[in-house]
Amino acid sequence: MTSGGDFEEFVAARGPRLLRTAWLLTGDAHLAEDLLQTALAKVWPKWSRIARDHPEAYVRKVLVTTHTSWWRRHWRGEVPTGELPERSGAADPYADVDLEQSLAAAVRTLPVRQRAVIVLRYFEDLSVEETAATLGCAPGTVKSQASKALRTLRAALPARVEELHD
């Protein structure tokens with residue numbers, strides 16, 4: 001049987017990375033902390049069984065499914081706008097921050113499933129197969145959802161995305 005100390009060690013070691021995943025899913029630091037705490041609370045009673053086989057993947061899956069259930073339950077009150085923020089100049093020292101915030105905002109506009117695929121594939125650097133296993137779907141679904149999401153992101157941020165490749 002795995003002790004509570006093992007769980008504490010896991011949280012200390014993997015907590016920051018899992019919190020980053022939660023933040024990428026929610027786009028809000030406080031919601032991310034709540035999401036991670038909720039996921040860890042769900043995992044704790046089963047820890048002795050989970051700890052034997054890829055506990056981080058299991059917790060990541062709980063993060064995604066919990067976030068999805070929260071998202072379905074609550075209307076976020078977001079209102080789309082036709083006005084885009086002003087573009088920053090090349091000499092702007094905050095351009096990288098602006099780009100990151102614009103990308104994060106664009107990712108948050110994606111449907112929940114596409115957002116989960118983008119976060120897991122490109123921010124968590126999971127393979128197609130690992131992402132499919134985490135989401136409980138086929139690898140082809142991951143590929144199609146990633147393709148749709150990337151097309152949406154490119155349309156939303158065409159000039160900004162090109163900056164990433166320069």
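Hi everyone, let's start with Leu-153, which sits in helix 8 (helices are DSSP runs of H or I, at least four residues, numbered from the N terminus). This is a predicted model, where local features need pLDDT of at least 70, side-chain atom pairs count only at pLDDT 80 or more, and totals for chains, interfaces and linings use all residues. Residues are numbered from 1 along each chain as its sequence is written, and side-chain values use heavy atoms, with hydrogens and water left out.

Leu-153 is buried, at a relative accessible area of 8% (buried means under 20%, with a 1.4 Å probe and protein chains only).

Now, how does helix 8 pack with helix 7? Residues 128-135 form helix 7 and residues 139-156 form helix 8, and their axes are 8 Å apart at an angle of about 100°. The two helices are therefore roughly perpendicular, a label for angles of 65 to 115 degrees. Val-128, Thr-131 and Ala-132 of helix 7 meet Pro-139, Val-142 and Lys-143 of helix 8, where contact means heavy atoms within 4.5 Å. Those residues split into four nonpolar, one polar and one charged.

Finally, a look at Thr-66, in helix 4 (residues 55-73). Is Thr-66 buried or exposed? It is buried, with a relative accessible area of 1%. Its side chain makes a polar contact with the side chain of Lys-42, at 3.0 Å (a polar contact is a pair of N or O atoms within 3.5 Å, one able to donate a hydrogen and the other to accept it). A polar atom of the Thr-66 side chain also lies 2.7 Å from the backbone oxygen of Val-62.

Conventions:
Axes fitted to C-alpha atoms, helices over the stretch in contact; angles between N-to-C directions. Parallel < 35°, antiparallel > 145°, perpendicular 65-115°, else oblique. Nonpolar A, V, L, I, M, F, W, Y, C, P; charged D, E, K, R; others polar. Buried < 20%, exposed > 50% of the residue type's maximum accessible area, 1.4 Å probe, protein only.
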